[in-house]
Amino acid sequence: MTETPTPESSPPQTAPPQPASTHSSQETPPPIHAGWAVTSLLFFWPLSFSAFTHAFNVYPLWARGDVAGAQAASDRVRRLGQISLWLAGVLLLLLAIGYTVVMVALITHGYGHHHHFHDWGPHMGPQDMPRGDMPRGFDH
């Protein structure tokens, strides 16, 4: 014999699952941070693809009721813009350091002091140079 469960012992009926976070009609969507997306484009463009993709996803996620996803996309846009700015600063610093090292190396090794061509005026030529400094091919 099988017994049918009585209403007291049946599991309670629940409503269909709703998204974990829904927005009310008075809430505004999270900021898109378009400025940070443009910053990523200007300062380190490879990250701008991801930044703009996340920026374009903020409102659709919010409109579907995924407030947490929209906020995460918004935060990601801001973070990618900040990372782009930091990377550009680091690359600029490395470029300045490299330029300084090259210039110091050139100056300490006397670059430019072995050639007297910069001393030539409009009236001077190879024939006016002392014989020991004469370039090859200028035999008198």
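F56 sits out in the open: with a relative accessible area of 61%, this residue counts as exposed (over 50%; buried is under 20% and partly exposed lies in between, using a 1.4 Å probe and protein chains only). The model is a predicted one, so local features need pLDDT of at least 70 and side-chain atom pairs count only at pLDDT 80 or more, while totals for chains, interfaces and linings use all residues. Residues are numbered from 1 along each chain as its sequence is written, and side-chain values use heavy atoms, with hydrogens and water left out.

(Helices here are DSSP runs of H or I with at least four residues, and strands are runs of E with at least two, numbered from the N terminus.) A pair of aromatic rings is described by the distance of the centres and the angle of the planes. By the rule used here, rings of Phe, Tyr and Trp (its six-membered ring) pair if their centres lie within 6.5 Å, and planes under 30 degrees apart count as stacked, over 60 as edge-to-face and the rest as tilted. That gives three aromatic pairs. One of them joins W45 and F49, an edge-to-face pair at 5.9 Å centre to centre with 85° between the planes. W45 is exposed at 54% relative accessibility, and F49 is exposed too, at 55%.

Now for the helix packing. Helix α1 (residues 34-43) and helix α2 (residues 48-63) pack at about 165°, their axes 8 Å apart; axes are lines fitted to C-alpha atoms, for helices over the stretch in contact, and angles run from 0 to 180 degrees between N-to-C directions. That makes α1 roughly antiparallel to α2 (over 145 degrees; under 35 is roughly parallel, 65 to 115 roughly perpendicular and the rest oblique). The crossing of α1 and α2 is left-handed, meaning that the near helix is turned anticlockwise from the far one by less than a right angle, with clockwise being right-handed. On the α1 side, A37, V38, S40 and L41 meet S48, A51 and F52 of α2, contact meaning heavy atoms within 4.5 Å. These residues split into five nonpolar, two polar and no charged (Ala, Val, Leu, Ile, Met, Phe, Trp, Tyr, Cys and Pro count as nonpolar, Asp, Glu, Lys and Arg as charged, and the others, Gly among them, as polar).

Helix α3 (residues 67-108) meets α2 at roughly 155°, with the axes coming within 8 Å, which makes α2 roughly antiparallel to α3. The α2 and α3 crossing is left-handed. Among the α2 residues in this contact are A51, H54 and W62, facing α3 residues including V67, R76 and L80. The contact comprises 10 nonpolar, four polar and one charged residues.

The axes of α1 and α3 also come within 8 Å, crossing at roughly 30°, so these two helices are roughly parallel. The crossing of α1 and α3 is left-handed. W36, A37, T39, S40 and F43 supply the α1 side, and α3 residues in the contact include V77, Q82 and S84. By class, the contact of α1 with α3 has seven nonpolar, five polar and one charged. S84 of α3 is buried, with 0% relative accessible area. Leaving aside neighbours within four places in sequence, S84 touches T39, S40, F43, F44 and L47.
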